[in-house]
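Subject: Structure handover

Hello,

I am passing on the structure below, with notes on what was found in it. Please read the notes with the structure open.

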Amino acid sequence: MDVPARKVHIPMTEAVFYILLCLREESHGYNIIRKVEELTDHEIRISPGTMYGNLSKLEKDGLIQFVREEKKRRIYCITDLGKDVLALEMKRVERLYRNMMEAR
Amino acid sequence: MKGMKTELHIFTIADWEKEEQYLRKRHREGWKFVKVNLPGFYHFERCKPEDVVYQLDYNQEGLEHKEEYVQMFKDCGWEYVQDLGGYCYFRKPVSEMQGEEEIFCDDESRLDMMRRVFAGRYWPFFILLMLLILPNLSAQFQNSDADAPVLLVLSLILLAIYVWVAASFGYRYWKIIKRLRK
């Protein structure tokens with residue numbers, strides 16, 4: 001896998017993690033914001049500046065790709081590279097979780 | 001015209017937080033921000049005093065896809081007011097917020113914005129300094145004309161302003177980095 005992409009994106013911010021997670025299905029920024037709210041019991045609300053900046057950065061780095069535009073909203077989808085990076089991050093979080101439970 | 005006013009206020013390129021607070025304060029006093037022109041003329045109109053949060057984003061790429069960019073903020077309840085010199089002005093009334101809201105929700109993206117300002121505004125500014133002021137300064141030192149001291153002082157004042165702006169930006173950048181490392 002592309003080493004720079006891994007270096008730059010792992011560990012991920014919560015916002016980037018949820019963006020990649022949601023983009024396993026095609027979606028646009030505001031839809032992701034609402035979905036993340038649902039997933040986290042309204043605890044995490046990604047702000048528009050953060051969302052826009054992250055989407056451009058992820059697209060530039062090839063982790064997501066632009067699919068089409070719908071009513072002035074850009075729809076994206078995760079790429080194979082994005083899936084690989086997300087899988088690696090999930091592994092890291094799993095390890096974190098495992099070790100946390102052992103320490104409890 | 002009654003119910004309108006214009007104020008001159010100069011903010012340096014790294015002072016967007018002060019500018020946000022300034023606009024919020026005016027709105028609370030009953031002056032709604034209408035527009036700003038260079039070098040810093042802020043136009044206001046009379047309104048009902050209200051607590052409205054103002055936020056600036058610096059995003060060249062967003063401005064290239066302005067419709068989609070503005071739409072995302074609109075979806076989140078942020079009204080787009082205008083853009084100037086790469087900065088976009090957004091506002092949202094506190095009454096429509098759930099708790100404290102900002103256009104950025106983590107330090108990583110705040111830092112990204114600083115990087116964009118740095119790349120877009122700061123480097124050109126710095127290179128200009130190197131090309132204009134420094135050669136000028138050294139020329140003044142060797143100049144023996146009667147008005148040379150005046151020019152020298154002027155160049156030094158300019159240099160001091162540049163250094164001050166550079167230092168304040170560096171300091172803010174360093175503060176965010178420090179917070180991130182905690």
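Helices (H or I, at least four residues) and strands (E, at least two) are DSSP runs, numbered from the N terminus. Over chain B the mean pLDDT is 85, and 93% of the residues reach 70 or more. The model has an ipTM of 0.89 and a pTM of 0.83.

This is a predicted model, in which local features need pLDDT of at least 70, side-chain atom pairs count only at pLDDT 80 or more, and totals for chains, interfaces and linings use all residues. Residues are numbered from 1 along each chain as its sequence is written, while chains are lettered from A and ligands numbered from 1 in the order in which they are written.

Chain A

Chain A has five helices and three strands, and along the sequence they follow the pattern α-α-β-α-α-β-β-α. The radius of gyration of chain A (taken over C-alpha atoms) is 14 Å, close to the 13 Å that the globule rule gives for 104 residues, so chain A is as compact as a globular protein of that length. The globule rule is 2.2 Å times the number of residues to the power 0.38. Along the principal axes, the C-alpha atoms of chain A fill a box of roughly 50 × 35 × 20 Å.

Of the 104 residues of chain A, 32% count as buried. A residue is buried if 20 or more other C-beta atoms lie within 10 Å of its own, exposed if 12 or fewer, and partly exposed in between, with C-beta atoms placed from the backbone. Of the contacts in chain A with a separation of 6 or more, 53% are between residues 24 or more positions apart. Two residues are in contact if their C-beta atoms, placed from the backbone, lie within 7 Å.

The three strands of chain A form an open sheet in the order β1-β3-β2, with antiparallel pairing. Its edge strands are β1 (27-28) and β2 (64-70) of chain A, each of which pairs on one side only. Two strands pair if DSSP finds at least two bridges between them, and β1(A) and β3(A) are joined by two, in the antiparallel sense. S27(A) stands opposite Y76(A) in β3(A). Helix α4(A) lies across β2 and β3 of chain A, running at about 125° to β2(A). For such angles, axes are lines fitted to C-alpha atoms, for helices over the stretch in contact, and angles run from 0 to 180 degrees between N-to-C directions.

Chain B

An open sheet of three strands in chain B has the order β1-β3-β2, again with antiparallel pairing. At its edges stand β1 (4-8) and β2 (31-37) of chain B, each with a single partner strand, so one side of each is left without a neighbour in the sheet. Neighbouring strands of this sheet are turned by 25° against each other on average, direction ignored. β2(B) pairs with strand β3 (residues 41-46) of chain B over six bridges, in the antiparallel sense; K32(B) has E45(B) in β3(B) as its bridge partner. Helix α1 (residues 16-28) of chain B lies across β2 and β3 of chain B, at about 140° to β2(B).

Strand β6 (residues 87-93) of chain B runs antiparallel to strand β4 (residues 52-58) of chain B, joined by seven bridges. One of the residues of β6(B), Y89(B), is the bridge partner of L56(B). Five bridges join β6(B) to strand β5 (residues 79-84) of chain B, also antiparallel. β5(B) and β6(B) form a hairpin with two residues between them, and G85(B) in the turn has a positive phi of about 55°.

Where the chains meet

In the contact between the chains, 19 residues of chain A touch 22 residues of chain B. On the side of chain A, α3 (29-39), α4 (48-60) and β3 (73-78) each supply at least two residues, and α4(A) gives the most, with eight. This side divides into seven nonpolar, eight polar and four charged residues. Ala, Val, Leu, Ile, Met, Phe, Trp, Tyr, Cys and Pro count as nonpolar, Asp, Glu, Lys and Arg as charged, and the others, Gly among them, as polar.

The buried residues of α3(B) are Y69(B), V70(B), Q71(B), M72(B) and F73(B). Their cover includes α3, α4 and β3 of chain A, together with α2 (60-64), β5 and β6 of chain B. After α3(B) comes G77(B), with a positive phi near 90°.

Regards

Notes. pLDDT is the predictor's confidence in each residue, from 0 to 100.
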